[in-house]
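Hello,

Here is the structure I promised to pass on to you. Please open it first, and then read on for what turned up in it.

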Amino acid sequence: MRLVIDANILVAELLRVRGRALMTLPTLYLTIAGSIWDETEYELCKCIAHLTMRGTVLPDVAECLLESALLTVNDRLGQIPVAAYGTHESIARSRIPRDPDDWHTVALALDADFLGCGVATWTTDTLLAHLAYMEDGVVAKVMDRLDLTQRVLAHLTDEAVFAGIGNAGFDLFAAGDRSQNFYMFGSMGLASSLGLGYALARPDERVVVLEGEGSVLMNLGSLATIARMRPRRYLLVIMDNGTYALTGSQRNAAADVTDIAMIARGAGITRVATPQTAEEFERAVMDALSSDGPAVIVVKIADGNSAVRHGWDPVERKHCFAAGVAR
Ligand SMILES: [Mg+2]
């Protein structure tokens, strides 16, 4: 498995015994943008010097620590030249509008399989989650949240779209910042309920809700309410990566024992699809949007965070959305 890592995370992992041990796993091929290696090495030396100055590590231990870290890097880290990923510069910069000069890592991730992009929260736990997926053979089947979000938007015009907190909203923003997009702030799990209220108030409009499985687990009762109220043109898309990606990819129940599609069916929702490919997903979206009755699509996606943040103020966004759906 090839993963892209950025300077800050690499330094943090190199300073941890478990991080260095993970990097030696034969199933893992770590890569870093070659142009940021000098910065990484400088930060590594600076961190170790700081730990020594604070007395956290003894001077001779610090020397061993640096030696061990550099040995791991030399053995296990691929430094990729800019020529290999430079063609992605423009799109990489657009993914991180607040800090476009840090485009190298994003461009490299785009050149790879995009796993590990959004590395700001890529911790050792994230690596473990990825490796667990590899062991389960799931990684070959999972899809990319941004790609799926773009596929949903491609079939919409001016419909309201509600996105759950975190990555669901960030990738909706990345796919297209329409004024009809509502980005949930803080209220984990309530995007499906908010969308339901909208759908009941405007039964003739199509409404789409994009949620992560973590949010759905937080508010399972919403599925029963959706089934009971039967909004006519309501589609709930649940992107399931089995982790709380934004807080460090801690595995949740959906990765281990819980089948969310089965819960949706058990709640009384009859139209529940579980597409296995992006093409099947798109067909399920088209089917849901062209039929009556509430529909739920549960789709497995890769772990990892969106490469962008929308940065909207909640109140400003409320006004923007209200104007966007004014009829
Ligand atoms: Mg999740």
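**A covered helix and its surroundings**

Helix α10, residues 167–175, is mostly covered, with nine of its nine residues buried. Keep in mind as you read that this is a predicted model. The buried residues of α10 are Asn167, Ala168, Gly169, Phe170, Asp171, Leu172, Phe173, Ala174 and Ala175. Charged Asp171 is one of them. What do these buried residues pack against? Their partners are the helices α6 (89–95) and α9, together with the strands β4, β5 (181–183), β6 (207–212) and β7 (234–240).

**The chain as a whole**

To put that helix in context, the chain holds 17 helices and eleven strands. Of its 327 residues, 41% are buried. If you look at contacts between residues at least 6 apart in sequence, 74% of them join residues at least 24 apart.

**The nonpolar core**

The largest nonpolar core has 81 residues. Ala163, Leu210, Val237, Ile238, Val296 and Ile297 have the most contacts inside this core. Both domain 1 (2–122) and domain 2 (145–324) supply at least three residues each to the core.

**Two helices side by side**

Next, have a look at α9 and helix α16 (residues 278–289). They pack at an angle of about 30°, and their axes are 10 Å apart. The crossing of α9 past α16 is right-handed. On the α9 side the contact uses Asp147, Leu148, Arg151 and Val152, while α16 brings Ala278, Phe281, Glu282 and Val285. Sorted by class, this contact has five nonpolar residues, three charged ones and no polar ones.

**An exposed loop residue**

Finally, a word on Asp158, which sits in the loop between α9 (145–153) and β4 (160–163). Is Asp158 buried or exposed? Asp158 counts as exposed because it has 12 C-beta neighbours inside 10 Å, and the exposed class takes in residues with 12 or fewer. Asp158 and Asn181 are 23 residues apart along the chain, and their C-alpha atoms are separated by 9.4 Å.

How values were computed:
Residues numbered from 1 in each chain as written. Predicted model: local features only at pLDDT ≥ 70, side-chain atom pairs only at ≥ 80, totals over all residues. Core = buried A, V, L, I, M, F, W, Y, C linked by C-beta atoms within 7 Å. Buried ≥ 20, exposed ≤ 12 C-beta atoms within 10 Å, placed from the backbone. Domains from an automatic or database assignment. Helix = DSSP H or I, 4+ residues; strand = E, 2+ residues; numbered from the N terminus. Contact = placed C-beta atoms within 7 Å. Axes fitted to C-alpha atoms, helices over the stretch in contact; angles between N-to-C directions. Left-handed = near helix turned anticlockwise from the far one by under 90°.
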